[in-house]
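Open the model in your viewer and keep the selection tool at hand. The tour goes from stop to stop, with something to select at each one.

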Amino acid sequence: SSNQMEMKVGTWKTAQTIQPFVYNKFKEGGDKVEVIPFTNPGDMKTALLSGNIDFSGTTWVTAIMAASKGEPIKVVGSMTEKCSALVVGKDSNINSTKDLKGKTIAYVPGTMHHILLLELLDRAGLDPDKDVTLIKIDFFDMGQALASKSIDAFCSGEPYPSIAMIDGYGKVLEYPYYDDSIGYINAAMITTDDEIKQNPDKIQKLVNMHVESSKYLMDNNKEWIEKAAEFGTEEKYLEKSTENIELSWDITPQTIKQVKSLAQRMKALGMIGNVPDVDSMFDLSFLE
C-alpha cells in the first residue's frame, strides 16, 4: 500500500543485530524508519509491549520468558544465529571441555551463552555446581579477567571471543552449537498481537525490510563490517567476528524444534516456571 508509514524499531548496537540500521535502504517511498537502540532485551521488550516501538530484536531466551508469562509477543522472523564461543587462556593447558574441571568460568545469567555453556558442561559430564566455579561477569569485562588470569574461561557472544584471539590472550575452546538440540539459534524479531491485528501492512513492510537487510549484509561483508564499526568496535575484530555470525530471517520447522528444546532447558534450569506453547509464539504469515 502506498500510504506513508512511520515505524519504530528496537535493537542493540552490535554486528549481530545490525539489520534495522540498514532498513532505510529498502523502505518504500515516504515511509520513515526510526531505530531506537537499547542495551538490554528486557527493556526492549517492555518498550514493545507498551507500544513505544512496533518491532524489536530479542533473544530467544527473552521471547520464551515473555511467552511463559503470557505476554502478547509474536515472533515474526529470526535475526541472528551462531555468535557464541567458549574461550580459555591462550597458554592454558585446557584443550577440551573436560579439562575445565576445577576451573573458574565467567558467564552472564539468563543469556543464550549461559544455556549453551551449561549444555557444553553437561555433554562433557561436568556438574556446573560441583565440578566448576561459575562466576557472573559482564561481557565487556570478561577479556580483562581472562588476560589477568582471574578466570580460566568465559562463554560470551561476539566480538569478545574475536578480541581475545586477535589480542593474543585467548583461544576458542569450542563453538557451542549442536544441531540435534538447540543448534545455532540466537535472536529473533518480535512484535505484538495488537500490532499484527491493527497494522498488518506495517509489520509486512518491516519483515520485508528485515529480510532484504539480512541478505544484503550477508552478501556485502565489507559494508557490514564498516557499518558495525560505527558502534565502536575496531574493524579488525569485526572481520573475525563475522566468521562466527549468521544474520538470519527465516523460521524453519527445525528452528521451531530448537526453540522447543531451548524452552525445555530453561524450565529444567528454573529460568521459567512453565514451558509455553511454543507453536503459538510464532506468526509466520509475514515470511510467506
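**Stop 1**

Start with valine 87, whose bridge partner in β8 is phenylalanine 154. This is a predicted model, so read every value on the tour as computed from predicted atoms. Now widen the selection to both strands. β5 (residues 84–89) and β8 (residues 153–157) run antiparallel, joined by five bridges.

Show the rest of the sheet. Its five strands follow the order β7-β6-β8-β5-β9, the sheet is open, and the pairing is mixed. Go to the edges: β7 (133–136) and β9 (170–174) each have a single partner strand, so one side of each lacks a neighbour in the sheet. From one strand to the next, the twist averages 35°.

Next, select helix α4 (residues 139–147). Helix α4 lies across β5, β6 (104–107), β8 and β9. Its direction is at about 150° to β8.

**Stop 1: alanine 153**

Stay in strand β8 and pick alanine 153. Is alanine 153 buried or exposed? Its relative accessible area is 0%, so alanine 153 counts as buried. Show what surrounds it. Beyond residues up to four places away in sequence, alanine 153 touches Leu86, Val87, Val88, Leu100, Thr104, Ile105, Ala106 and Leu146.

**Stop 2: the six-stranded sheet**

Move to the other sheet. Six strands make up this open sheet, in the order β2-β1-β3-β10-β4-β11, with mixed pairing. β2 (32–37) and β11 (245–247) are the edge strands; each has a single partner strand, so one side of each has no neighbour in the sheet. Neighbouring strands here are turned by 25° against each other on average, direction ignored.

Select β10 together with its two partners. On one side, β3 (residues 55–59) pairs with β10 in the antiparallel sense over four bridges. On the other, seven bridges join β10 to β4, also antiparallel. Which residue of β10 is the bridge partner of threonine 58? It is alanine 188. Alanine 188 is also the bridge partner of serine 78.

Keep β4 selected. Eight of its 10 residues are buried, so β4 is largely enclosed by the rest of the structure. β4 pairs with β11 as well, antiparallel, over three bridges. Look there for lysine 82, whose partner in β11 is isoleucine 245.

**Stop 3: the nonpolar cores**

Show the largest nonpolar core, with its 48 residues. Trp60, Val75, Leu262 and Phe282 have the most contacts inside it. Colour the elements that give two or more residues: β1 (6–11), α1 (41–49), α2 (60–68), β4 (73–82), α3, β10 (185–192), α7 (200–219) and α10. Which element gives the most? α2 does, with six residues.

Zoom in on valine 75. Leaving aside neighbours within four places in sequence, valine 75 is in contact with Trp60, Ala63, Ala188, Met189, Ile190, Ile251, Met281, Phe282 and Asp283.

A second, separate core has 15 residues, including Leu100, Ile105, Leu117 and Ala124.

**Stop 4: two helix pairs**

Select helix α3 (residues 112–123) and helix α10 (residues 253–268). They pack at an angle of about 80°, with axes 11 Å apart. That makes α3 roughly perpendicular to α10. Met112, Ile115, Leu118 and Glu119 in α3 meet Leu262, Arg265 and Met266 in α10. Five of the contact residues are nonpolar and two are charged; none is polar.

Finish at α7 and helix α8 (residues 221–229). Their axes come within 5 Å and cross at roughly 105°, and the two helices are therefore roughly perpendicular to each other. From α7, Tyr216, Leu217, Met218 and Asp219 make the contact; from α8, Asn221, Glu223 and Trp224 do. This contact of α7 with α8 has four nonpolar, one polar and two charged residues.

How values were computed. Residues are numbered from 1 along each chain as its sequence is written. This is a predicted model: local features need pLDDT of at least 70, side-chain atom pairs count only at pLDDT 80 or more; totals for chains, interfaces and linings use all residues. Side-chain values use heavy atoms; hydrogens and water are left out. Axes are lines fitted to C-alpha atoms, for helices over the stretch in contact, and angles run from 0 to 180 degrees between N-to-C directions. Angles under 35 degrees count as roughly parallel, over 145 as roughly antiparallel, 65 to 115 as roughly perpendicular and the rest as oblique. Contact means heavy atoms within 4.5 Å. Ala, Val, Leu, Ile, Met, Phe, Trp, Tyr, Cys and Pro count as nonpolar, Asp, Glu, Lys and Arg as charged, and the others, Gly among them, as polar. A nonpolar core is a set of buried Ala, Val, Leu, Ile, Met, Phe, Trp, Tyr and Cys residues joined through side-chain atoms within 4.5 Å. Buried means under 20% relative accessible area, exposed over 50%, partly exposed in between (1.4 Å probe, protein chains only). Two strands pair if DSSP finds at least two bridges between them.
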